[in-house]
Amino acid sequence: MRDAIEKRFSVRGYTGESLDGEKIEKIKFLINKYNEQSGLDIQFVEDGSKAFDSARKTYGMFRNVRSVIVFKGNAELENLDEKAGFYGEALLLDLVDMGLGTCWVGGTFDKESFSCPENERIVIVMTVGEYQKQNMKEKFILAQLHKKRKAWETRIDADTDIPDWVKEGIEAVVLAPSAVNSQKPHFNYKNGELSVNIPDDHSMTKVDLGIAKYHFICTSGGSFTWGNNAVYTK
Ligand SMILES: Cc1cc2nc3c(=O)[nH]c(=O)nc-3n(C[C@H](O)[C@H](O)[C@H](O)COP(=O)(O)O)c2cc1C
């Protein structure tokens, strides 16, 4: 499994300092690459701190946020939300490889502080930056949260023995971030066909679905069709 998948956790406490020029260039290079692949209009905002200033909107959970990546795209783009999740998670894991902290943020920020062309829609944002070493209390809270990760067996229904490549893919999905830690994407392995679905009961479900698909294919290869009840091809 990719190191970044195992190491990643949501970082909410940053140093507040600007990223160095080389790292910013690399992030912009990666964003260009994923924009070309996806048709999204992902944007790096060097100082997006304003969106995290209001304790009312952030519930005081974030500290010293500076740089923010905004995931937006043409409102008519098919599977816009899922693509934000899929390509965004690809970018997020690259940022983890660079030693940076990241956190997807769907709700607890001020959306109005980012500009967006009229034909586009902001799906979600991601904080990025050098981060503060966690203190004992934060480490404890994180360990408690990660104990709530569901076992891989509960994320799949199967009518036969589950092959190793499916198990390994789902183990990577277990380590994926999800909105309010809901861990909803669910797999089926029936009649030799693998598929994934998510109950459509939250504004962030499609982002979660894209993230889960990325973790799976990043680990076991292959691809999924876009959309819900997506079918896998090796
Ligand atoms: C689509 C999505 C939206 C999220 N929105 C928020 C948010 O608004 N505020 C926040 O503090 N964390 C947010 N998170 C982070 C989740 O709370 C976090 O992934 C989850 O609790 C699991 O913890 P971990 O990422 O450390 O494994 C979001 C994650 C995802 C995938």
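This is a predicted model: local features need pLDDT of at least 70, side-chain atom pairs count only at pLDDT 80 or more; totals for chains, interfaces and linings use all residues.
Trainee: What makes the Phe 52 and Phe 62 pair edge-to-face?

Mentor: Two values settle that. The ring centres of Phe 52 and Phe 62 are 5.1 Å apart, and rings pair if their centres lie within 6.5 Å. The planes stand at 65°, and planes over 60 degrees apart count as edge-to-face. So the pair is edge-to-face.

Trainee: Why do you say that this pair ties together parts of the chain?

Mentor: Look at where the two residues sit. Phe 52 is in the loop between strand 1 (43-45) and helix 3 (55-58), while Phe 62 is in the loop between helix 3 and strand 2 (67-74), so the pair ties together parts that are ten residues apart in sequence. Both Phe 52 and Phe 62 are buried, too.

Trainee: How do you know what kind of pair Trp 165 and Phe 216 form?

Mentor: The same cut-offs apply. The centres of the Trp 165 and Phe 216 rings lie 6.4 Å apart, with the planes at 80°. A pair needs centres within 6.5 Å, and edge-to-face needs planes over 60 degrees apart, so Trp 165 and Phe 216 are an edge-to-face pair. This pair links distant parts of the chain: Trp 165 belongs to helix 6 (residues 164-174) and Phe 216 to helix 7, 51 residues apart.

Trainee: Which residues make up the ring cluster?

Mentor: Ring pairs link Trp 165, Phe 187, Tyr 189, Phe 216, Phe 224 and Tyr 232 into a cluster. Across the whole structure, a search finds 18 aromatic pairs.

Trainee: What makes Asp 110 count as buried?

Mentor: Its relative accessibility is 19%, and the cut-off for buried is under 20%. Asp 110 therefore counts as buried. You will find Asp 110 in the loop between strand 3 and strand 4 (120-129).

Trainee: Why is the largest pocket said to lie between two domains?

Mentor: Domain 1 (3-136) and domain 2 (148-233) both give residues to its lining, so the largest pocket lies between them. Its volume is about 650 Å³. Of the 31 residues lining this pocket, Arg 12, Ser 178, Ala 179, Val 180 and Asn 181 are the closest to its centre. Strand 3 (101-105), helix 5 (136-147) and helix 7 (205-220) each supply at least two lining residues. By class, the lining holds 18 nonpolar, nine polar and four charged residues.

Trainee: What lies nearest the centre of the second largest pocket?

Mentor: Ser 10, Arg 12, Gln 134, Glu 138 and Ile 141 do, out of 15 lining residues. That pocket holds about 380 Å³ of space.

Trainee: How many cavities of 30 Å³ or more does a search of the whole structure find?

Mentor: The search finds three. The largest cavity has about 60 Å³ of space. Helix 6 and helix 7 are the elements that give two or more residues to its lining. Among the lining residues of the largest cavity are Arg 155, Ser 178 and Asp 208.

Note on methods. Residues are numbered from 1 along each chain as its sequence is written. Side-chain values use heavy atoms; hydrogens and water are left out. On a 1 Å grid over the protein atoms alone, a cavity is a set of points where a 1.4 Å probe fits but cannot get out, and a pocket is an open set with protein on both sides within 12 Å along at least five of seven lines; lining residues have an atom within 4 Å of a point. Grid points are joined across faces, edges and corners, and a volume is the space filled by probe spheres set on the points. Helices (H or I, at least four residues) and strands (E, at least two) are DSSP runs, numbered from the N terminus. Ala, Val, Leu, Ile, Met, Phe, Trp, Tyr, Cys and Pro count as nonpolar, Asp, Glu, Lys and Arg as charged, and the others, Gly among them, as polar. Domain bounds come from an automatic or database domain assignment. Rings of Phe, Tyr and Trp (its six-membered ring) pair if their centres lie within 6.5 Å; planes under 30 degrees apart count as stacked, over 60 as edge-to-face and the rest as tilted. Buried means under 20% relative accessible area, exposed over 50%, partly exposed in between (1.4 Å probe, protein chains only).
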